[in-house]
Amino acid sequence: MTTRHILWGALAAGFVCMVLSARPAPQDWFKAETGLGVKKIRLALPDFASQNAPTQPLAGVFNQVLWADLDVSGIIDLASKSFYPPPNTWPSQPGQLQPQLQQQPSSWSQPPLSASMIAIGNLTASGSSLALQAWLNDVTNPSAPPVLAKVYQGAATEEGARDLAHQLADDIVGLLGGGVPGIARTHIVYSSTQHGVTELWVMDYDGANQHQLTHLRTEAITPRWSPDASEIAFTCFVPYRGAVSAQICLYSMAANQLMHFPRYPGTNSSPAWSPDGRELAFMSSMGRGNDPEIWTTDTSGGHPKQLTFGLHSVNTEPVWNPKTGQQILFVSDRGGQPELYTMNSDGSNVVKIDLADMGYVVDPTWSPTAQGQLVAFSWRRPAGNYDLYVMDLASRQLLQLTHDEGRNERPSWAPDGRHLVFQSDRTGHLQIWTMLADGSGSRQLTKVGENFSPNWSLK
Amino acid sequence: MNYRSYRKTALILLVAGLTAFGGGCKKKVPATPAVPAPPPSGPAQPPTVRLSASPDFISKGQSSTLSWTSQNATQLDLQPGVGTVEAEGSTKVSPNQSTTYNITATGPGGNAVSTVRITVAPPNAPQPTAENATLAQLFDRDVKDAFFDFNKADLRPDARQALTQTAEFLRQHSDVRVAVEGHCDERGSLEYNLGLGQRRANAAREFLTSLGIAADRMNTMSWGKDHPFCTEHNETCWQENRRAHFTMAQ
């Protein structure tokens, strides 16, 4: 074999490697807006100790949930436990950690462990309550005080252990993630057919605690949380005097029941909340000509106002700019097929968002954290499937998040602006998935029945 | 009135009259082109094709005869399930469920499509006769749904033909009110389809209104893709689901 052969071989191998790791690196605009794609903080997370026998099973749940929460956060690189010192030496309080750091400063920071931070702690169950002590330390600076030292109280149940893990994870993510609060205690509302008729269901952000919310015995779809997560607006098909049509329904989480909302003529669907929680925008055919147009009302259905005048076109899926409340992004087929448009929240200044090639663009959703310019949507390109994209509205730059694994639709941002929940039929059934907003780390949350139309609570 | 203003008025009247006359003529053009094209000369003539079914309402297990004629076509494809056929002919079909048949004529001058729908009643549904039929049975027999192309709410010729029959029923039964439901196939998105279905229902109602049926007898709504008539993942099925469907209102 000549030198040239070896050179070509190396080049070919390099090319294969490039193709195999084909996920494009997020561009600078995306890193700046989401904080994703920058260097993650490497954290050592030895199991938290259980201080007495009854705590044992709860500590197991706690450790598993805390690890998972930090692992999916997108900003923390959890060092594998196989690199840690022997488990019987794992510290669970500062009195055990400090001597290790003083006597052997590199014990947690040397390669391959290479941690820069360590989180330690312990759990004690007494009666019906569960206490958690937790510390977060900089292992490269042993003499510095802990970044976090906190006691948490919860219920001595599996649910209580999960919640304590979520609280601690949120605190750690908040401290290490530039002040953006963690999302471990947020919820996802969605439509599910698992008990037959499509009803609304709610689950924790990680897929735990899935439970049915509505019992209307008619389709309940397109749910959206109010900004304070106290109510859910959705599309329902509740019959009235023998007639059925799509109507706006409101569900109160506090009262655990439907609130009154007026019926309008024709089809009314896809309600979305204004960021101050005072208005709803939705599609309605109540107007002249019965064309599906965007309307707004107050949250009790009063003062209906028509915003779009698309004339013989469909105008739907409105979403408010969560930062300013001054702009609405929506879908219209006035150009022949569904595409994205923006307008001012009074209906003026309608601008089409041109995308490079023609296609079918639906399900827009606006990032709650970025400077009001980052949107995600589902796009079926002419020869392709429904895939999710993120776009910077200011520069029109795009990042493709899913790559032809089934149909991927209806993205919704987590309040940290780093995660998206969406529906995908990549397993052969429509299920709810989450992923980081750069398209990595996708996780399936639902498994039973068909599940779709997810929406992430902002609290 | 001086001469100049008289002349102006006359001109306006003349233009108005011609416009009205022209508009009137336009409306009398039949919805389905049946006029044979002249023999080809010079540039290639576009093909024409016409498909019909007799009868277009059968019970499950019975058959219907599809007949077609064409001009200027070099190839004819009849779907679903028949395939390439001669320029003119007929064939018996026995669909198990209501089916829309398409014939595509291809020639040097382009393509043409004609569609016809055969409605299949459940096997034990008695074939209604004028004497014993209930209103519901007559409704099922005589009221025809309108079918649409993908992502479209425009009425095709076969949809106009179907709605013309529906209008006839509604004229004969002036006390009947209907719900017009818009439906879409599974390929579109859920939320957009709710709007598209509404536009299909609107299109059907507008056409019926133009045929003299009072708009307030027809309530429109949309199911989007939520209540499909057919759940297979192919064009035959998708076509079944792209429709404006009529039900009798209370």
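How many helices and strands does the secondary structure of chain B come to? Chain B has five helices and 12 strands, where helices (H or I, at least four residues) and strands (E, at least two) are DSSP runs numbered from the N terminus. Before going further, keep in mind that this is a predicted model, so local features need pLDDT of at least 70, side-chain atom pairs count only at pLDDT 80 or more, and totals for chains, interfaces and linings use all residues. Residues are numbered from 1 along each chain as its sequence is written, while chains are lettered from A and ligands numbered from 1 in the order in which they are written.

Let's stay with chain B for a moment. Of its 250 residues, 34% are buried; that label takes 20 or more other C-beta atoms within 10 Å of a residue's own, with exposed meaning 12 or fewer, partly exposed anything in between, and C-beta atoms placed from the backbone. Two residues are in contact if their C-beta atoms, again placed from the backbone, lie within 7 Å. Take the contacts in chain B between residues at least 6 apart in sequence, and 66% of them join residues at least 24 apart. Chain B also has a cis peptide bond, between Ser54(B) and Pro55(B), with omega about -10°. Pro55(B) sits in the loop between strand E1 (48-54) and strand E2 (57-59).

Over in chain A, the peptide bond from Pro111(A) to Pro112(A) is cis too, with omega near 0°. Look for Pro112(A) in the loop between helix H4 (94-103) and strand E4 (117-126) of chain A. Ser114(A) lies in the loop between H4 and E4 as well, and has a positive phi of about 55° although it is not a glycine. Ser114(A) is partly exposed, with 14 other C-beta atoms within 10 Å. Another non-glycine with a positive phi of about 55° is Leu311(A), in the loop between strand E17 (305-306) and strand E18 (315-320). Leu311(A) counts as exposed because it has 11 C-beta neighbours inside 10 Å.

Leaving out residues up to four places away in sequence, Thr316(A) touches Ser269(A), Ser270(A), Met283(A), Pro292(A), Phe330(A) and Val331(A), plus Glu191(B), Tyr192(B) and Gly195(B) from chain B. Pro338(A) is 22 residues from Thr316(A) in sequence, and their C-alpha atoms are 9.4 Å apart.

Now for a helix pair in chain A: the axes of H3 (residues 56-71) and H5 (residues 158-176) come within 8 Å and cross at roughly 35°. Those axes are lines fitted to C-alpha atoms, for helices over the stretch in contact, with angles running from 0 to 180 degrees between N-to-C directions. Residues making this contact include Leu58(A), Val61(A) and Phe62(A) of H3(A) and Ala161(A), Leu164(A) and Ala165(A) of H5(A). By class, the contact has 12 nonpolar, one polar and three charged residues. Here Ala, Val, Leu, Ile, Met, Phe, Trp, Tyr, Cys and Pro count as nonpolar, Asp, Glu, Lys and Arg as charged, and the others, Gly among them, as polar.

Finally, the interface: 18 residues of chain B are in contact with 27 residues of chain A. On the chain B side, helix H4 (190-210) and strand E11 (218-224) are the elements giving two or more residues, and H4(B) has the largest share, with nine. That side divides into six nonpolar, nine polar and three charged residues.
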